[in-house]
Amino acid sequence: MSIRFDGKVAIVTGAGGGLGRSHALELARRGAKVVVNDLGGSRDGSGGSSAAAEAVVAEIKAAGGEAIANGSSVTDDAGVALMVQQTMDAWGRIDILVNNAGILRDKSFSKMTVEDMQIVLDVHLVGTMKATKAVWEIMKAQNYGRIMVTSSTSGLYGNFGQSNYGAAKLGVVGFINTLKIEGQKNNIRCNALAPVAFTRMTSDILPPESEQLLTPESVSQGVVVLVSEDAPTGTILLAGAGVFSTAQMMESEGMLLGREGMTAEQVVENWGKISDMSKATPYFMGGEQVDKVLKMATGKW
Ligand code: NAI
């Protein structure tokens with residue numbers, strides 16, 4: 001089996017360096033026509049130039065692939081519209097959107113300013129929503145779309161100094177939790193990647209000796225799967241150093257304590273059973289959980 005993207009058009013945001021560059025190169029190597037988007041700013045989101053995106057386009061072309069550069073910020077409505085217009089003008093369709101662009105403003109919550117929160121949410125969460133919004137109707141009309149968002153263990157599990165980033169990174173998971181449902185009838189599949197790689201973003205956070213292990217290239221093989229024809233939907237794939245796993249939100253079976261006269265003390269007394277994850281279940285959508293609650297409460301439903 002070989003996964004190919006011949007005839008497919010992909011947009012990769014933040015693809016001027018790090019993981020995005022690697023994703024763009026790999027999709028192009030497997031036959032996709034690629035739009036390399038990158039604002040070309042610094043790690044904290046300041047500055048910008050399209051030189052980074054153009055350099056990756058040159059690399060793709062040198063390897064025999066097809067690519068165009070776009071220097072828009074994913075936070076800029078006109079810039080996102082231009083990115084999509086350029087793609088449609090060049091190739092007439094958009095099959096894949098890899099939302100990868102990102103910045104950091106790490107600080108403990110005490111020291112974090114509202115601006116540090118706003119800008120990180122803007123790039124990761126709102127930027128992902130804006131780019132996705134701009135391709136959504138095109139994908140619906142095509143009856144085909146593969147959308148990836150980039151999450152992080154900082155969002156899934158937490159990390160000191162990253163309350164802004166963590167909120168944004170779990171936010172994108174919440175975003176695709178709904179899009180996976182709304183996209184179903186038009187063959188649009190939506191997945192999240194939680195990568196770990198040695199890049200500009202992490203080079204002073206990760207141990208230097210991990211650089212040889214935590215290659216962006218190994219993560220990009222997971223991206224290939226998440227945006228392929230046979231991709232799953234609603235999956236969170238963790239990838240780093242060649243190690244792959246999936247993460248899922250699960251809910252314990254729980255128990256019915258009753259309503260009339262039921263007290264908080266009973267919740268405490270039964271905490272062991274309430275929080276027992278041995279029979280935990282994942283749900284595809286929120287309504288399934290409501291059904292479970294009503295079934296347990298009535299014994300039927
Ligand atoms: P990086 O800093 O090397 O690359 C991020 C790219 O996004 C840069 O080229 C930057 O210019 C671009 N960018 C930033 N703001 C943009 C905007 N508004 N519009 C367009 N492009 C913009 O970082 P890295 O490590 O490659 O990160 C890629 C993604 O993976 C990010 O979403 C990051 O949060 C995520 N991630 C990375 C991890 C890692 O271990 N490297 C861990 C977990 C998540």
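Residues here are called buried under 20% relative accessible area, exposed over 50% and partly exposed in between (1.4 Å probe, protein chains only). The model is predicted; local features need pLDDT of at least 70, side-chain atom pairs count only at pLDDT 80 or more, and totals for chains, interfaces and linings use all residues. Numbering starts from 1 along each chain as its sequence is written, and side-chain values use heavy atoms, with hydrogens and water left out.

**View 1. Salt bridge between R43 and D204.** A salt bridge is a side-chain nitrogen of Lys or Arg within 4 Å of a carboxyl oxygen of Asp or Glu. For R43 and D204 the N to O distance is 2.8 Å. R43 sits in the loop between β2 (33–37) and α2, and D204 in the loop between β6 (188–195) and α7 (216–226), so the pair ties together parts 161 residues apart in sequence. Helices (H or I, at least four residues) and strands (E, at least two) are DSSP runs, numbered from the N terminus. D204 is exposed at 55% relative accessibility, whereas R43 is partly exposed at 28%.

**View 2. Salt bridge between E59 and R21.** The side chains meet at 2.8 Å, N to O. E59 belongs to helix α2 (residues 51–62) and R21 to helix α1 (residues 18–29), 38 residues apart. E59 is partly exposed at 33% relative accessibility; R21 is partly exposed at 25%.

**View 3. Salt bridge between D95 and R93.** Here the N to O distance is 2.7 Å. D95 is buried, with 0% relative accessibility, while R93 is partly exposed at 29%.

**View 4. Network of salt bridges.** R105, K107, E115 and D116 are linked in this network. The structure holds 14 salt bridges.
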